[in-house]
Amino acid sequence: MNSTPRPPGPEPRNGVTVTKRMGAWVVTMYWPESTGGTVGPREVHVSPADDADPQEIARGISSTVLRRINTTPGQDFAATRSLAETADMEVRELGEWLASLPGGLTDERLAVLSALYVHFVDAGERAPAQRLAVGFDLNAATVKGHLRAARQRGFLTKVEGKAGGQLTDKAVQVLRGMKRGASTEEV
């Protein structure tokens, strides 16, 4: 009898799932809601990235890759949980919102840009602001300026010297309000 381990599926689960790119590998960790972020993850899945070098994949998962996986929930577990709640909004939906919003530095635009940026960072993009600009036909300098404004106005946390950050509670609240507003429109 052959049994194959079941990879994380699309079925909804109560808890927090964090996915990170580590070189040629994608690491997905899951914390059940009941843990509250006080213990390590209940599940850790390591799988090859779609665009990974086939030679790296052929060598398999090394002990170095496994040692680099940080399973400590950290002090910002609540922010990670907020990000997970927001992540259920498809990138497509966020992109549609972005296209429908007026230009400028509105709270809604900054929250949507921040959510898309965090998505690309978490997906392992090396230049997430550039990817955001190209993917949504925006000016790269404008995107960088808007992300700087998003950090200054409290929608995106700061990371010194590299790409990254997390959505703040303020951004999550704005996105939730937009989602509620979209579902209550009359047809």
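How are H5 and H7 oriented to each other: roughly parallel, roughly perpendicular or roughly antiparallel?

**Entry 1, the model.** I am working with a predicted model, where local features need pLDDT of at least 70, side-chain atom pairs count only at pLDDT 80 or more, and totals for chains, interfaces and linings use all residues. Residues are numbered from 1 along each chain as its sequence is written, and side-chain values use heavy atoms, with hydrogens and water left out.

I looked up helix H5 (residues 107–122) and helix H7 (residues 140–152), which pack at an angle of about 105 degrees with their axes 9 Å apart. H5 and H7 are therefore roughly perpendicular to each other (65 to 115 degrees counts as such; under 35 is roughly parallel, over 145 roughly antiparallel and the rest oblique). Axes are lines fitted to C-alpha atoms, for helices over the stretch in contact, and angles run from 0 to 180 degrees between N-to-C directions. Helices (H or I, at least four residues) and strands (E, at least two) are DSSP runs, numbered from the N terminus.

I then listed the contact (heavy atoms within 4.5 Å). H5 gives Arg 109, Leu 110, Leu 113, Ser 114 and Tyr 117, while H7 gives His 146, Leu 147, Ala 149, Ala 150 and Arg 151. By class, I found six nonpolar, two polar and two charged residues in this contact. Ala, Val, Leu, Ile, Met, Phe, Trp, Tyr, Cys and Pro count as nonpolar, Asp, Glu, Lys and Arg as charged, and the others, Gly among them, as polar.

**Entry 3, the sheet.** I found three strands in an open sheet, ordered E1-E2-E3, with antiparallel pairing. E1 and strand E3 (43–48) are the edge strands, each pairing on one side only. The twist averages 15 degrees from one strand to the next.

Two strands pair if DSSP finds at least two bridges between them. Strand E1 (residues 15–22) and strand E2 (residues 25–32) are joined by eight bridges, and E2 and E3 by six. I looked up two partners: Arg 21 is bridged to Val 26 in E2, and Trp 25 to Pro 48 in E3.

What phi does Gly 23 take in the hairpin of E1 and E2? I read a positive phi near 65 degrees for Gly 23, and the hairpin has two residues between the strands.
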